[in-house]
Amino acid sequence: MKTPLIFRNGFPLGNPIYQHCLVAIIALVVLLASCQDPNFPDPNNPSPSTASIQNLASGVMGSSRTSLAFYTQITSIFGREAYYLDGADPAWTGNLVTGQVDANGAFLLQPWNARYATIGNCRNLISAAAGLSASDKAATEGFSNTMLAYSLLLNLNLTYDNGIKIIFSEDIATPFASRADAFTDIAKRLDDAYAALQQGGNTFPFALTKGYAGLNTPATFARFNRAIRARVAAYIGDYATVSTALSASFLSETGDLATGAYHVYSTTSGDVLNPIYEPPTAPSVKFLAHPSFIADAETGDLRVASKVVKRATSVSLGGLSSQYGITVAKSNIDPFPIIRNEELILLKAEVAFLGSSPNYSEGTRLLNIVRKAAGLSDLPTLTAANALNALIKERRYSLFVEGGHRWIDARRFNRLGSLPIDRTGDAPPTSLPRPVPEVPGS
Amino acid sequence: MSKWRLSVALTTVFLCFIGAFAPIFAQDLTVSGSVLDDRGKAIAGVSIKAKGVQAGGFSDKKGLWRVSIPNSKAATLVFSYIGFKPFELKVTESKSDIAIRMEEDVLKTAEIVVTGLATGIARTSLPNAIASVSASELLAAPASTMDQALAGKFAGVNISQNTGAPGGGISVTLRGISSIIGRSQPLYVVDGLIVNNDAVQSGIDGITKSTGVGSSRPQGQPSNRIADLNPNDIEDIQVLKGASAAALYGAKASNGVIIVTTKKGRANTTEIDFTQQIGASSVLKTIGSRVFTSEAEAKSFAGDLGVTLWRKNNGQFFDLEKELYGNTGLITESSLSVRGGSDKTQFFVGGLAHNETGIIKGTGYSKYSLRSNINQEISENVRFEAGLNVIRSESDRGVTGNDNTGLTLGVALSQTPSFVDLRPVNGVYPANTINGNTSNPIETRDKFKNNETIYRFIASSKLFWDIFKIEGQSLTFVAQGGADYFTQRNKVISPANTQFEQGQSQPGQAINAESGNINSNLYLNLLHVLETENQLSFKTTLGYQFENTYRNETVITTRGLIPGQDNINRGSSIEGYQFITKQIDKGFFFQEEVDIKNLLFLTAGVRGDASSVNGDGNQYYLFPKGAASLRLSQLDFWKDISSTISEFKLRAAYGQTGNYAVPTARFTSLTSLNSVIDGNVGLVNQAQKGNALLRPERTGELEFGFDSYWLEGRLRLNASYYTQTVTDLVLQRQLPPSSGYTSQYDNVGTMQKQGFEIELGLNPVRTESVNWNFNVNFHKYDAVLTELKVPAFYTGGFSLAYGQYRVEQGISPLAMYGLDKDASGKRIQIGSEIPNFQIGVNSSLTIARSFNFRFNVDWKNGGSVINLAKLLYDANGLSPDYQASIDRLSLLSKGTNTKFVDDGSYVKLREVALDYTFDRAALSGFLGGIFRSLRLGVSGRNLIMLTPYWGYDPEVSNFGNLSVGRSVDVLGFPSARSYYFTLAFGL
């Protein structure tokens, strides 16, 4: 190296002492900056290991409400209970009404994904219960599996003949279970959960929401489990099981028809609002009753007066029109039913009419309980010829916009073809397609 | 351990050099003279540096200079000044009255282009195709944001706006797509500091319900923060387009790097420049609406309500689109700059006040910026530069774009028939209920507020310390660092007294969002230069870098707000959201550059990067680079043709860069979002599963090309071919929802991309009085996913019925699919976002050194757009081409989307400007000759757009800046054209 020509002791950094100080400062900065740990934990969210049983159980109940709006709206459209007249997305008056539902669209994917997300949360809860006492563990498993089976049922209601996945795997090639296998699986999960609830002691190791008032101990929650089991059995046509399940459920012929299990809502931060509520007097609403709901109603049916409201002008879009807003939800924090006594009484009537040994007077008596509450006169004893029609009609008015009952009933009683059609080319779907993200190569 | 060892090593290196050399003394050499330009005018502030020794200075106001070189018998002085070719003067004895003539560098051959974190070389030796633009080329016509001004100026640089809203929202892609899900935008480096270009969401999605607050695919179309820079402060922009050039920025550079240098002070002169712009803007293109010809038609459209409204308005056509988008925007911009200084200290101060109103009443953008740059020579071997920029920007962006509530102007417009008059009568806005409408868009325009306010501080500094400098050798320590801090406040107010809000369950909504963002970085570099007597030069750079990013966002949504109030505690319910983004990055860098006799230039380097975004934040990933350029025209055999082709260089470069997934990608966490129930916090799985094994994606690029200058510089022809392979491609792969998760970031693919760029520069007329420059640039590329380890999936858009992108092995990553299937039932491609080619044309004609005419044309040929604007109009029965819309819808119902995936070609006259400049001589009799220059001009931006596209502008992105899924049009803010009048003077 040549001799340096210039290396002056200028101001101030030419002085070797200052230069050493500068080097020391730089070294210090380097050291401090290197000391930060780049493998820091998630700055926003807790990891699964830190969640309490209550957090996870509340998560199951909270997430059960996700995308219930779409679920209720689309199944109400399919069953011609309602329209959703919103020009912002042409699907509302387009393929949801023509029945050609998009296999990769939000209306199918969002509820589908939400139910499997709830199932994931149920599985988290089951894992977290491993360390609990035997009875708490059984109670937790009974709760989780009941909620899991119910979530599966909602998805099966959508894809129906196309089946659902009952093995929860990240392998997309995991096969779909057929409709029959899926129903069997759901029934078994409910039965296993019922058995576990019997071992569940006196209380759950977590609090249930007020939506499960009266059903919030392992023993009483088992009644909710049996109510869902009765619904599943009815969907399969297994009336013997409907009957036994109902007898262990919360069915009460003399009780309030509204008694049951509900999703609950509030305006608290982080909570959500009732999925279908719209202010009935607003200048414009989107969720409107299908005009046939009013046209087909018996005069004086209180269910009509309480569930729809006539608006000053009709709303029309894309050739669909209605003047009736939906008031099933009375406010934005009104609970939304999961299953309630009115359906159980109707299920009991269904067993009486369609079970292996029909009992028409018993069935008529049960229908009349519901009719009386609706301010209608008693029906005369029904016969094999008119009992099913009467049952379907009462179910239509009692369970209006509570989760697609009319569509499901029309499908299981093979009456989809008789649902009203407003425009040429419209048709209710039988089964929604398998969602694209579940099917390899689609 | 590794981080400690490296620090110790760095420290040791410093210590070795310090104190190792002792000074000796000899005779001084003193030279002086003057420096003039090619027209014989004195140039002030020319930098003069002696090669290999600490000596130099600047020319003064009269162009006079004097340099003393201590302890020396001979020296080479280098004179340099921006825009001029450097001049070298060899001196062997003390001398005075040396007259230096500097030549203007019209073709930028002598421009110094960045090659390392602390190094650069002259363009003639550059081994990459690095584009650059100077201040005058950048702002041919005024631009409210810097990125807007870049459109059409370079080959391979695509500038596309996401929305026409004032204040931007602009995507910059360099050489096309280079990632599927990773960051899509280039890295912006301003004076050595990486500045934030994020787009922070306002939370407006929570009101339009296009998606929820905090969604991973937001649709609020905010502006991206590079918009905050004042374009008038910029001296020069260099664009490192591909990985081979950008490799020195490592794991964040796969989208390229844009290096911005702001104006610096000048020694021995004080220049004051003031520019005033006044302009106007209007909508560029409208859609129109179906014309109803009879009451019967109105009746068949909307029944009795149709008849009522038809009669009410006497069947007149009411142009709601003009009412909403027909405002004439007013633009004013004042900018003032002062630059000056002494031999030791130079400063630049730039101020800006920009105000504009938009083509929608109530919208607008304002920006106030103050920048000061100081260069200080602390001692003969220590220099310091510091820049501070303080910015306030504010935009009122209105409510446009996608929506699931019927609120946005575009959606309401697409739903409202033309026989309805929605104008307020005596202050009362008629309810708009026809055709499923939930809002009166005129009322929404007048009452809805969507305001974004930014306060930003950008501080950057550089320290140059010549640790030693001897004949032919020097060692310099360069520290660069700084911080970029901004707060963003969004206020979205949807007052209760509107038709729209009356339909909400808690009428009256307000969003108050605040975010604080800080980016800080520090680069420490050691640069060793060795120049031998036989014209060999070696530059060795060793560097280490830290960068931290931290953002805290809070969004508070209030509902049930009482009228006239917008405080969060004046509502009946409050929804809170908070999100923290944290990222820690480290990197080291080594580079060797060898220049052999100005003939062959070789460079090799490696960069290692570690980041908290990866599965293991301490793991360094290496990104190598290598490049070579050969100036054939320096060889003997070239002499025969050097009169035709004066300069010819072959170049080849290879480099690797990376790209990261989002900072949340590695976490598997629970969330309480929407899961608080009955007073308890519910914790649920996030839809995204974490990946602890995530690596950065890696882009390797090989680039070949040549640069040539013909006919005495009358013609410049540059061409580059590049091929890129992106491995470890990060994808948000889809998990079957039945697993409980819907996605996971993973390294699962390989993408192949190639393209070429041609730049042709012509100087067909160059006389004393007329100078005409004409440049054309061309870019074409293609990309294909060559490997995908996960099942193919659809992404972007909304659903197949509306058109989506597909991620599948063997096809383009920007291929679009829909319902269309072939005979075998397999879905077929119906579009691609990749254009066939893109051409930019720039021309500048100067007559008599005072009259100047410039224009810039940008032509994009091909590239599809998923046109949901048309679908909305069609589905609502209100397309202006109503008959055609029936056919389109009928095709859609039969399972074909092709009518809603449209050709997005365009030709745009981006800039046109005409101005006249009076120089000092012409102004000598005016006001005592105080003016240095005076310029008057008229100009326009986006005056003409030719496009077959059905809609406002094929340049659109409903989802903002993202790699895959950009070209989706859901009736966003329409684009505008603008005109300006300019008055500028210099003192």
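## Briefing: a helix pair and two chains

Helix H12 (residues 341-354) of chain A packs against helix H14 (residues 387-398) of chain A at an angle of about 170°, and their axes lie 11 Å apart. H12(A) and H14(A) are therefore roughly antiparallel (angles over 145 degrees). This is a predicted model: local features need pLDDT of at least 70, side-chain atom pairs count only at pLDDT 80 or more, and totals for chains, interfaces and linings use all residues. Residues are numbered from 1 along each chain as its sequence is written, while chains are lettered from A and ligands numbered from 1 in the order in which they are written.

**The helix pair**
- Axes are lines fitted to C-alpha atoms over the stretch in contact, and angles run from 0 to 180 degrees between N-to-C directions.
- From H12(A), the residues in contact include A:Leu346 and A:Phe353.
- From H14(A), they include A:Leu391 and A:Arg395.
- Contact means C-beta atoms, placed from the backbone, within 7 Å.
- The contact residues divide into 6 nonpolar, 1 polar and 4 charged.
- Ala, Val, Leu, Ile, Met, Phe, Trp, Tyr, Cys and Pro count as nonpolar, Asp, Glu, Lys and Arg as charged, and the others, Gly among them, as polar.

**Where the chains meet**
- In chain B, 103 residues are in contact with 104 residues of chain A.
- Strand E26 (residues 573-596) of chain B gives the largest share of chain B's side, 8 residues.
- That side has 47 nonpolar, 47 polar and 9 charged residues.

**Chain B overall**

Key. Contact = placed C-beta atoms within 7 Å. Helix = DSSP H or I, 4+ residues; strand = E, 2+ residues; numbered from the N terminus. Parallel < 35°, antiparallel > 145°, perpendicular 65-115°, else oblique.
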